[in-house]
Amino acid sequence: MSNFNIAVLDGDGIGPEVIKQGIKVLNQVAYKFGHTFKFDFAPVGAVAIDQTGNPLPDDTLELCKRSDAIFFGSIGHPRFDNDPTAKVRPEQGLLRLRKELGLYANLRPVAGYKELTHLSPLRPERMEGVDMLIVRELTGGIYFGEKGRRDDGNTAYDTCLYTRMEIERIVKMGFEAAGKRRGKLMLVDKANVMESSRLWREVTREMAADYPDIELGFMFVDNAAMQLILNPAQFDVIVTSNMFGDILSDASSVLAGSLGLLPSSSVGSEVGMFEPIHGSWPEGAGQNRANPVATILSAAMMLDHLGLVKEGDAIRKAVNTVLESGKGTEDLRPKEQVGTDEMGDLIVAAL
Ligand SMILES: NC(=O)C1=CN([C@@H]2O[C@H](COP(=O)(O)OP(=O)(O)OC[C@H]3O[C@@H](n4cnc5c(N)ncnc54)[C@H](O)[C@@H]3O)[C@@H](O)[C@H]2O)C=CC1
Ligand SMILES: CC(C)CC(=O)C(=O)O
Ligand SMILES: [Mg+2]
């Protein structure tokens, strides 16, 4: 029996709807396995800007720091997306949270569900054996480098900056993850053009000496985007920079069947954060349409991180049972379509 305090930042758009299903499932786990999860909600993103003017209010950050884990929905609103001059943006809340908490590694597992191969534009045989982990650097690179406009107003810049220390710690995580899986690590970069990528290659090559059992490969990101579609089963662990990992993981969701299926964990210091890889899908919000599975599987990753691995496995098994039954949200083009709420209920029942 364990007690955990979980900070819940449900955010904007579909965030609150999918988080609600995740909490239902966690409550069922608590009941079934005799644990206590205490949930404390706090605002982040556009809702936090509306309430306080700040996308990451101090109280929210403090709550996260003193919690055992953070369960995060999604942030973002068209009001800001459609206003390039907005000085304060929901996304700044998420980026700052990652940085302040030292969550430098974003782990994004991608697995194919055989029941869902009908969703893929690829030939099903290409999807066979898809089982990879994208290890995305999360607190550096072009999302965090100096950015701005020159005085003329017509010149804009973003800077991609990485230090050896930032590369070493994420690549180490990549090697270690590969050691626990099929022993293959692929560094994805743009070292033919970018100096920061050349440093990634240099550091990774040096580190390879410490991991003689890992088969290390290098691939340029443009080729990697194509290889993910052509022959996804070749990948075991991909390690890559912040922006490349962001883009390649959304693309990889097509291999799983839907963006609404892919979970993630963000780790690197004491407290971990667990969130679906998708955004706030504003057009789908408030309509009981969003797929909650990515969020529910993120809850499973949270339990793994808290040492409750058999509980995490129970959630994954329940999700598989429901997907195998042919029921699902509209994005899965299922035999029997259900809404967000009912999908959560089905997974609770399968538990
Ligand atoms: N971690 C986060 O909170 C993220 C936030 N964003 C923000 O979200 C907002 C919308 O961005 P978009 O580029 O449209 O990305 P998005 O991920 O919100 O949605 C893209 C498309 O994916 C599908 N989708 C996403 N989540 C789904 C779910 N749970 N179930 C079924 N289908 C789903 C929808 O068809 C949607 O049109 C923006 O403000 C953006 O900045 C975007 C990505 C990540
Ligand atoms: C604010 C963005 C970097 C969010 C996003 O797209 C992501 O983390 O996947
Ligand atoms: Mg993204």
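User: What makes a residue part of the surroundings of ligand 1, and which residues are closest?

Analyst: A residue counts as near a molecule or strand if its C-beta atom, placed from the backbone, lies within 6 Å of it. In this predicted model, 22 residues surround ligand 1, and the closest are Gly-76, Gly-260, His-278, Gly-279 and Asn-291. Residues are numbered from 1 along each chain as its sequence is written, while chains are lettered from A and ligands numbered from 1 in the order in which they are written. Because the model is predicted, local features need pLDDT of at least 70 and side-chain atom pairs count only at pLDDT 80 or more, whereas totals for chains, interfaces and linings use all residues.

User: How many residues of each class are in the shell around ligand 1, and how many in the shell around ligand 2?

Analyst: Ala, Val, Leu, Ile, Met, Phe, Trp, Tyr, Cys and Pro count as nonpolar, Asp, Glu, Lys and Arg as charged, and the others, Gly among them, as polar. On that basis the shell around ligand 1 has nine nonpolar, nine polar and four charged residues. Around ligand 2 stand Glu-91, Leu-94, Leu-95, Tyr-143, Asp-246 and Ile-277, which gives four nonpolar, no polar and two charged residues. Helix H5 (residues 90–101) supplies the largest share of the ligand 2 shell, three residues.

User: Why are strands E2 and E9 said to stand at the edges of the sheet?

Analyst: Strands (E, at least two residues) and helices (H or I, at least four) are DSSP runs, numbered from the N terminus, and two strands pair if DSSP finds at least two bridges between them. Ten strands form an open sheet with mixed pairing, in the order E2-E1-E3-E12-E11-E4-E5-E10-E8-E9. Strand E2 (36–41) and strand E9 (215–220) each have a single partner strand, so one side of each is left without a neighbour in the sheet.

User: Why does the radius of gyration of the protein chain agree with a compact globule?

Analyst: The radius is taken over C-alpha atoms, and the globule rule is 2.2 Å times the number of residues to the power 0.38. For 351 residues a compact globule would have a radius near 20 Å, and the protein chain has 20 Å, so the two agree.

User: Which residues of helix H13 are called buried?

Analyst: A residue is buried if 20 or more other C-beta atoms lie within 10 Å of its own, exposed if 12 or fewer, and partly exposed in between, with C-beta atoms placed from the backbone. In H13 (residues 340–350), Thr-340, Met-343, Gly-344, Leu-346, Ile-347 and Val-348 are buried.
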